[in-house]
Structures are given as structure tokens and as C-alpha cells.
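Subject: Structure for you to look at

Hello,

Here is the structure I said I would pass on. Please open it first and then read the notes below it.

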Amino acid sequence: MKDIKKIFVEGAAAPGGHYTPGVVYNGMLFISGQLPISADGTHTYTEPFETQARIALSNLLAVLNAAGGNPADLLKVTVYLVGGEHWKAFNQIYMEMMGDNKPARAIVPVPELHYGYLVEIEATAAV
């Protein structure tokens, strides 16, 4: 049997679909797309973009932390943004929250996301 470990964040909102927030296999952590849903399950899609971006990044970092990792362990981050006008604001928040860590990254403009959110973030890390 393969050594696959499922990662959940204690105190975080339960996944809204049929998925696991993170999966570790062979030293690699795969973090599912993180929306800006508050830990208590409150939807924040009416909040400004900057607030949504901070919550989504915090959710991603919480999964990373629950797997025993930190931002230096991130290998690849994929960001889905509704509207190209949010790129500059996202990049600034990302730099603040990631510090000196610069994993490979892609920002993908999309027409819409679940529930009307403006950002979703997924990642791969070595843990």
C-alpha cells in the first residue's frame, strides 16, 4: 500500500466538496485550491480583493503548516485571479506574506471562480 497522508487543518472550515485540503506522498505536498473562506466557514466573496487574497494565502499557508512545512518548502504556486486588474495588488500581498521565499509561480486569469470569489490558490511543496 502506498504511503499517502491526508492533511487537514485543525480549526479550519471543512472542505466544501469531495477533496482533501492537502495530500503528502513521497515527500511532496499537494495543496488543493484554497478559496478565501474564513476558518469558521464564513464566505468572504463580498470583501475587497485584498482581503480575499490575504485569507486565501493564509489558508494555503495553514495547510502547509499542518503538513509540517513552511513557505521555504513551497516549490510551485498557481494563482487563479478573476480580472487582470488584481495582479499588481496580489503580487504586493504575496511578497509581504512570502517574504524572501520565491517559489515558481503562475498567475492564471479566469472569468469566474466558485461562489463569486476573486482568487484561488493551489501549491506543491517538499515536506
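How many helices and how many strands does the chain have? There are two helices and six strands. Please keep in mind that this is a predicted model. Reading from the N terminus, the order of the elements is β-β-β-α-β-α-β-β. The radius of gyration is 14 Å, and the globule rule gives 14 Å for 127 residues, so the chain is as compact as a globular protein of that length. Its C-alpha trace spans about 45 × 30 × 25 Å along the principal axes.

Next, the contacts and the surface. Of the 127 residues, 37% count as buried. The accessible surface of the chain is about 7,200 Å², and carbon and sulfur atoms account for 54% of this surface.

As for charge, the chain carries 8 positive and 12 negative side chains. The centres of these two sets are 8 Å apart.

Where is isoleucine 37 found? It lies in the loop between strand E3 (28–34) and helix H1 (49–66). Leaving out residues up to four places away in sequence, isoleucine 37 touches Ala13, Thr42, His43, Thr44, Ile55, Asn59 and Tyr117.

Regards

Notes
Residues are numbered from 1 along each chain as its sequence is written. This is a predicted model: local features need pLDDT of at least 70, side-chain atom pairs count only at pLDDT 80 or more; totals for chains, interfaces and linings use all residues. Side-chain values use heavy atoms; hydrogens and water are left out. Helices (H or I, at least four residues) and strands (E, at least two) are DSSP runs, numbered from the N terminus. The radius of gyration is taken over C-alpha atoms; the globule rule is 2.2 Å times the number of residues to the power 0.38. Buried means under 20% relative accessible area, exposed over 50%, partly exposed in between (1.4 Å probe, protein chains only). Accessible areas come from the Shrake-Rupley method with a 1.4 Å probe; for residues, only the protein chains shown count as cover. Lys and Arg count as positive and Asp and Glu as negative; His and the chain ends are not counted. The place of a charge is taken as NZ of Lys, CZ of Arg, CG of Asp or CD of Glu. Contact means heavy atoms within 4.5 Å.
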